[in-house]
Amino acid sequence: IKKSKSKVDTLEVGDTVVEFFALNQFQVEWTCKTNEPGKLVVVSPNGVPGIAKDCIMGFEFEDADDDDTSSAVVRLTMEYTPESPLAVLATPALFVDN
């Protein structure tokens, strides 16, 4: 779990965070692979054992096409290798959750 003295901290390449999901039934440890302006990529080779492995989440950020500079568009790309039918069936829920 990324620990910080402040409430908000930026992931640096090599930092890890733990994501809890599905009402805390599952967890994934993510390692920051890329953090550069407009792009964040985290990876989890182990994923969720028995369900999915070789997980990658990529986030691309860009300013929204309006006058409000606090708005942004975020594009999420997810990749993984399923190890169980549950991984395939859960895909729509993952998109909503993320």
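Trainee: Which residues have the most contacts inside the largest nonpolar core?

Mentor: In this predicted model, the residues with the most contacts inside the largest nonpolar core are Val 28, Trp 30, Val 42, Val 48, Ile 51, Ala 52 and Met 57. That core has 15 residues.

Trainee: Let me step back to the fold. How many helices and strands are there?

Mentor: The protein chain has two helices and five strands. Along the sequence they follow the pattern β-β-β-β-β-α-α.

Trainee: In what order do the strands sit in the sheet?

Mentor: The five strands form an open sheet in the order 1-2-3-4-5, with antiparallel pairing. Strand 1 and strand 5 are the edge strands, each pairing on one side only. On average, neighbouring strands of this sheet are turned by 25 degrees against each other, with direction ignored.

Trainee: How many bridges join strand 1 to strand 2?

Mentor: Six bridges join strand 1, residues 16-21, to strand 2, residues 26-36, and the two run antiparallel. Within that pairing, Glu 19 has Val 28 in strand 2 as its bridge partner. Val 28 is also one of the residues with the most contacts inside the largest nonpolar core.

Trainee: What about the hairpin there: which residue takes a positive phi?

Mentor: Ala 22 does, with a phi near 55 degrees. The hairpin of strand 1 and strand 2 has four residues between the strands.

Trainee: And the next hairpin, how many residues lie between strand 2 and strand 3?

Mentor: That hairpin has two residues between its strands, and Gly 38 in the turn has a positive phi of about 85 degrees. Five bridges join strand 2 to strand 3, residues 39-44, and these strands run antiparallel. In this pairing, Thr 31 stands opposite Val 43 in strand 3.

Trainee: How many bridges do strand 4 and strand 5 pair over?

Mentor: Strand 4 and strand 5 pair over ten bridges, in the antiparallel sense. Here Glu 60 stands opposite Arg 75 in strand 5.

Trainee: Arg 75 and Glu 60, then. What do their side chains form?

Mentor: They meet in a salt bridge, with an N to O distance of 3.3 Å. The pair links distant parts of the chain, with Arg 75 in strand 5 (residues 72-82) and Glu 60 in strand 4 (residues 52-63), 15 residues apart.

Trainee: How many salt bridges does the count come to?

Mentor: The count comes to two salt bridges. In the other entry, the side chains of Arg 75 and Glu 62 meet at 3.9 Å, N to O. The pair ties together parts 13 residues apart in sequence, because Arg 75 lies in strand 5 and Glu 62 in strand 4. Through shared partners, the salt bridges join Glu 60, Glu 62 and Arg 75 into one network.

Trainee: How exposed is Arg 75? And where do Glu 60 and Glu 62 stand?

Mentor: Arg 75 is partly exposed, at a relative accessible area of 40%. Glu 60 counts as partly exposed at 37% relative accessibility, and Glu 62 is partly exposed with a relative accessible area of 40%.

Trainee: Changing topic: how many aromatic pairs does the structure hold?

Mentor: The structure holds two aromatic pairs. In one of them, the rings of Phe 59 and Phe 61 have centres 6.4 Å apart and planes at 10 degrees, so this pair is stacked.

Trainee: Why does that angle count as stacked?

Mentor: Planes under 30 degrees apart count as stacked, and those of Phe 59 and Phe 61 are at 10 degrees.

Trainee: Is Phe 59 buried or exposed? And how is Phe 61 classed?

Mentor: Phe 59 counts as buried, at 16% relative accessibility. Phe 61 is partly exposed, with a relative accessible area of 37%.

Trainee: Last topic, the cysteines. How many disulfides does a search of the whole structure find?

Mentor: The search finds zero disulfides.

Trainee: Are Cys 32 and Cys 55 buried or exposed?

Mentor: Cys 32 counts as buried at 3% relative accessibility. Cys 55 counts as buried too, at 10%.

Key
Residues are numbered from 1 along each chain as its sequence is written. This is a predicted model: local features need pLDDT of at least 70, side-chain atom pairs count only at pLDDT 80 or more; totals for chains, interfaces and linings use all residues. Side-chain values use heavy atoms; hydrogens and water are left out. A salt bridge is a side-chain nitrogen of Lys or Arg within 4 Å of a carboxyl oxygen of Asp or Glu. Buried means under 20% relative accessible area, exposed over 50%, partly exposed in between (1.4 Å probe, protein chains only). Rings of Phe, Tyr and Trp (its six-membered ring) pair if their centres lie within 6.5 Å; planes under 30 degrees apart count as stacked, over 60 as edge-to-face and the rest as tilted. Two strands pair if DSSP finds at least two bridges between them. A disulfide is a pair of cysteine sulfur atoms within 2.5 Å. Axes are lines fitted to C-alpha atoms, for helices over the stretch in contact, and angles run from 0 to 180 degrees between N-to-C directions. A nonpolar core is a set of buried Ala, Val, Leu, Ile, Met, Phe, Trp, Tyr and Cys residues joined through side-chain atoms within 4.5 Å.
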